[in-house]
Amino acid sequence: MAKVLVVTSGKGGVGKTTTTAALGAALAKTGQSVVLVDFDVGLRNLDLIMGAERRVVFDLINVIQGDANLAQALIKDKRIETLSLLPASQTRDKDALTAEGVAKVVSELRKKFDWVICDSPAGIERGAQMAMHHADMAVIVTNPEVSSVRDSDRIIGMLDSTTEKARAGEKMPKHLLLTRYDPQRAASGDMLGTDDVLEILSIPLLGIVPESPDVLKASNLGAPVTIAEPSSAAAGAYMEAARRLMGEDIKVTIPTERRGMLDWLFKWRAA
């Protein structure tokens, strides 16, 4: 049965869209059929990271308002056959997202794909609420800094109170993905350590993506890092996170600085 996953956070700039693209590509590489849905209406960055900006003809809002059908709006990735994109509109605002329209689109996507990954806009407003409402599970993307963790805690509260699952009295599985982690800065106290973040948020750890120029390089090339730089440490972290989402029980590697060199020392088991 199809799984609807929302990639969310409270704070902007933490790597949600990068994560959506990287996880989607990683899952599609395993043969799973995956669609990435951009809910960031008015900005629309997911198509840029996927290298599909010139192929956008119709978008999510066109489908919701009946100006196009789903088949017309979906963009099939040229590199991975099982990966598709449903872009957001750049010319409309989030008020164009109607509850009925989103419910219909998500229902149709469930029938066509194994994974429906919703890229949520930052914050707690309408777009974010729509992106998470029909989700079966959530990945909360957080940087190891106080403001990012605090905002993520608020998002966890929303997932537990305003979603379809919450209203049905069910608990939504939530996973923490820590991004832009720099072990040297964590060791010097310039950013929160992994233990601190886990203690505050109290949700299972899906993975730790180290700070890496490979992520920005891949985005500038119009490709997820799991496609453009598959041998990089960041891509490896995303590939492992994707395997955990599929149910594999593998340890989370925490990068740790030692004597000025990046060394992989401690391992945590995802809860």
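**Close-up views of a predicted model**

**View 1. Arg167 and its contacts.** Leaving aside neighbours within four places in sequence, Arg167 is in contact with His133 and Thr162. The model is predicted. Arg167 lies in helix H8, residues 164-167. Arg167 counts as exposed because its relative accessibility is 64%, and the cut-off for exposed is over 50%. His133 and Arg167 are 34 residues apart in sequence. Their C-alpha atoms are 9.9 Å apart in space.

**View 2. Thr20 in helix H1.** Helix H1 covers residues 16-29 and holds Thr20. Is Thr20 buried or exposed? Thr20 has 0% relative accessibility, so it counts as buried; the cut-off for buried is under 20%. Which residues does Thr20 touch, not counting those up to four places away in sequence? They are Val7, Leu36, Leu46, Ile117 and Asp119.

**View 3. Strand E6, covered on both faces.** Strand E6 runs over residues 137-142. Of its 6 residues, 6 are buried. In a regular strand, side chains alternate between the two faces of the sheet. On one side of E6 are Met137, Val139 and Val141. On the other are Ala138, Ile140 and Thr142.

**View 4. E6 and its pairing partners.** E6 pairs with strand E1, residues 3-8, in the parallel sense. This pairing has 4 bridges. Leu5 stands opposite Met137 of E6. E6 also pairs with strand E7, residues 174-181. That pairing is parallel too, over 5 bridges. Here Thr142 has Leu178 of E7 as its bridge partner.

**View 5. From E7 to E8.** E7 pairs with E8 as well as with E6. The E7 and E8 pairing is parallel and has 4 bridges. Leu177 stands opposite Gly207 in E8. How many of the 6 residues of E8 are buried? The count is 6 of 6, and E8 is described as mostly covered.

**View 6. The largest pocket.** The largest pocket holds about 300 Å³ of space. Its lining has 17 residues. Of these, Gly15, Thr18, Arg180, Val215 and Leu216 lie nearest the centre of the pocket. Which elements each supply at least two residues of the lining? They are H1, E7, strand E8 (205-210) and helix H11 (213-221). H1 gives the largest share, with 4 residues.

**View 7. Helix H13.** H13 has 13 residues, numbered 233-245. From first C-alpha to last, H13 reaches 19 Å. That is close to the 18 Å expected at 1.5 Å a residue. Which residues of H13 are buried? They are Ala234, Ala235, Ala237, Tyr238, Ala241, Ala242, Arg244 and Leu245. Gly247 follows the helix. Its phi is positive, near 105 degrees.

**View 8. The annotated span.** An unreviewed UniProt entry lists residues 5-224 as "domain: CobQ/CobB/MinD/ParA nucleotide binding". In the model, this span is 41% helix and 18% strand.

Note on methods
Residues are numbered from 1 along each chain as its sequence is written. This is a predicted model: local features need pLDDT of at least 70, side-chain atom pairs count only at pLDDT 80 or more; totals for chains, interfaces and linings use all residues. Side-chain values use heavy atoms; hydrogens and water are left out. The expected span of a helix is 1.5 Å times one less than its number of residues. Buried means under 20% relative accessible area, exposed over 50%, partly exposed in between (1.4 Å probe, protein chains only). UniProt positions are given in the numbering used here, feature names are shortened, and annotations may be inferred rather than shown by experiment. Contact means heavy atoms within 4.5 Å. Two strands pair if DSSP finds at least two bridges between them. On a 1 Å grid over the protein atoms alone, a cavity is a set of points where a 1.4 Å probe fits but cannot get out, and a pocket is an open set with protein on both sides within 12 Å along at least five of seven lines; lining residues have an atom within 4 Å of a point. Grid points are joined across faces, edges and corners, and a volume is the space filled by probe spheres set on the points.
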